[in-house]
Amino acid sequence: AMARHRSSVELQRVGTRAFFWLSKQEDTLAVCRSSGGIAAIVAAMCAHSSDSQVLQEGTRALEKHCPRAVCKAIGICGDIAAVLPPVVWNDAPVGNSVERSFNVANVRAQANFSQELMEKFARDVSSPYPGGGDWQDDSEWGPADEASEDLTSIIGYRRLGVREELDVLDSKWVLPSSRSASKGLLGSFGAKSQQRDLDVLRRQGCDVSNLVPAGLQGWQLRRLCHALEAGLKEHCWGPEDGELIALLIGHFAWYSGRYARELATAGAAATLVAWLKASHFSQRSGNCISLRCACLSALSCLCRHDQECASSVLALQVGDLILGFASHPNDAIRRSAMRCICRLIPHMAGVPGMDRIEAEEAWPLILRDFKSEDEVTRTLAAACALEAVTANWADIPGAASPLQALAEAVVGILQRASDAVASTIRQDVLPALAALPALLLVRKLLESMATSKALMEMEQLARLLACWLPPGATSDATPLDQAAATSAAAAL
């Protein structure tokens, strides 16, 4: 319930409180740990980092679930709730309606203010980066531009369409907020002034560490990685402790390219892989499932941003390890591994000599997940296939060619998504979002004569493409509906 309605702050309050009360008994605490309770609590806190009730209840619950890791995290970061970066929930993955609602030109037109005053005001309200300085999305695609926010492009879908466990089952999208992490009116209008005041206090020799806006500094990120490494080497932490720190590392890596590069430099990838390989957890209870999901998700978030971060993962020779988890019987582990593969594929060509995930080994896993009953798994399979075709993985000659099976699989996923549009039953994934990677994949396959032949033989393909045109042409069409319609039209 918490995953399906992550954007509902009321439900997250109730859920975190329930986990706290359930953790008062040893037997129910063990069940909560092994059933993903820690991940649900951390996700609630990350999704509503400005709600004091969620943060308070979540912190109390974590103190029961993983006290050693909470103690270590507080020693490094201070209050965990105070350093979680701000996010915003949107009805669509494109844009940020809250952040873009202010328009200086409109203010100038409506009031007679001096030009100098307006220019100073515009500078003060421009969005600062958490921890000081001007904010920008510093991933490899750079600040938000037309291509990176276009869901009908490979880059745009790669950036916005592949969703994390944080919001994958919710009807809304969680996006890193471009506001200051400071709370209240200060976060919107006074953050730059606050930063100037902090600089003056530093020059006077004052300790301003308690006044710095939310968000971790580089040394804190490095110490988190070192604490995770030490907890494994000294055999003093259980899987629940490693899970908490891995979840925090993954969230900061997802939030910012700057954070991800800092973590990659600190050896986060090597430490996460070491936890995945740890043999002394193999005979433990179901806690290991949640731990491995957290580590795989953190690796995926590290690979989300740029070549440098992805190279830190590929350099560890993890191809076979991730492929092994992609074959795991647990759905959550399998999804996390496939998301990691999806994020690694675009960067393999730029890392010559390092470990690669072989196309011949990956295709059977991708095609298997196309047939899954889990809609999130099928959508991830389509996203992986899109990246694989873009990387020319489909150019396998002879009987090993995946093209015929891929054509049948993509038609199957489009048929399921089309049926879902007419269904009154709530879907785990919005139909347009489930169909979008398949539509982009069809368009990519049709660009080449070598890859289009098998698709062209599918008689129902044109009908399945055409059914996405009307939803994108209505006055209340969402950006997803419009992206699906545009991709279908281009394929036609």
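Predicted model: local features only at pLDDT ≥ 70, side-chain atom pairs only at ≥ 80, totals over all residues.
## The largest pocket

The largest pocket has a volume of about 850 Å³. Its lining is made up of 38 residues, and those closest to the pocket centre are Arg-6, Ala-39, Glu-165, Leu-166 and Leu-247. By type, the lining residues divide into 22 nonpolar, nine polar and seven charged.

Helix H15 gives the most, with seven residues.

## Aromatic pairs and the cluster

The structure holds four aromatic pairs. One of them joins Phe-20 and Trp-21 in an edge-to-face arrangement, with 5.5 Å between the ring centres and 70° between the planes. The angle is over 60°, so the pair counts as edge-to-face.

Phe-20 has a relative accessible area of 6%, which is under 20%, so Phe-20 counts as buried. Trp-21 has a relative accessibility of 53%, which is over 50%, so Trp-21 counts as exposed.

Elsewhere in the chain, Phe-252, Trp-254, Tyr-255 and Tyr-259 form one aromatic cluster.

## Charges over rings

Phe-20 also has a charged residue over its ring: Arg-60 lies over the face of Phe-20, at 3.8 Å from the ring centre.

A second case involves Arg-163 and Trp-173. The charged end of Arg-163 sits over the ring of Trp-173, 4.0 Å from the ring centre.

## Positive phi angles in loops

Gln-317 is not a glycine, yet has a positive phi of about 55°. Gln-317 is found in the loop between helix H16 (307-314) and helix H17 (319-326). The relative accessible area of Gln-317 is 46%, between 20% and 50%, so this residue counts as partly exposed.

Asn-392 is another residue other than glycine with a positive phi, in this case near 65°. The loop that holds Asn-392 runs between helix H20 (375-390) and helix H21 (403-422). At 53% relative accessibility, Asn-392 is over the 50% cut-off and therefore counts as exposed.

Note on methods:
Residues numbered from 1 in each chain as written. Heavy atoms only, no water. 1 Å grid on protein atoms, 1.4 Å probe; cavity = no way out; pocket = protein on both sides within 12 Å on 5 of 7 lines; lining within 4 Å. Points joined across faces, edges and corners; volume = space filled by probe spheres on them. Helix = DSSP H or I, 4+ residues; strand = E, 2+ residues; numbered from the N terminus. Nonpolar A, V, L, I, M, F, W, Y, C, P; charged D, E, K, R; others polar. Phe/Tyr/Trp six-rings, centres within 6.5 Å; stacked < 30°, edge-to-face > 60°. Buried < 20%, exposed > 50% of the residue type's maximum accessible area, 1.4 Å probe, protein only. Lys NZ or Arg CZ within 6 Å of the ring centre and 35° of its normal.
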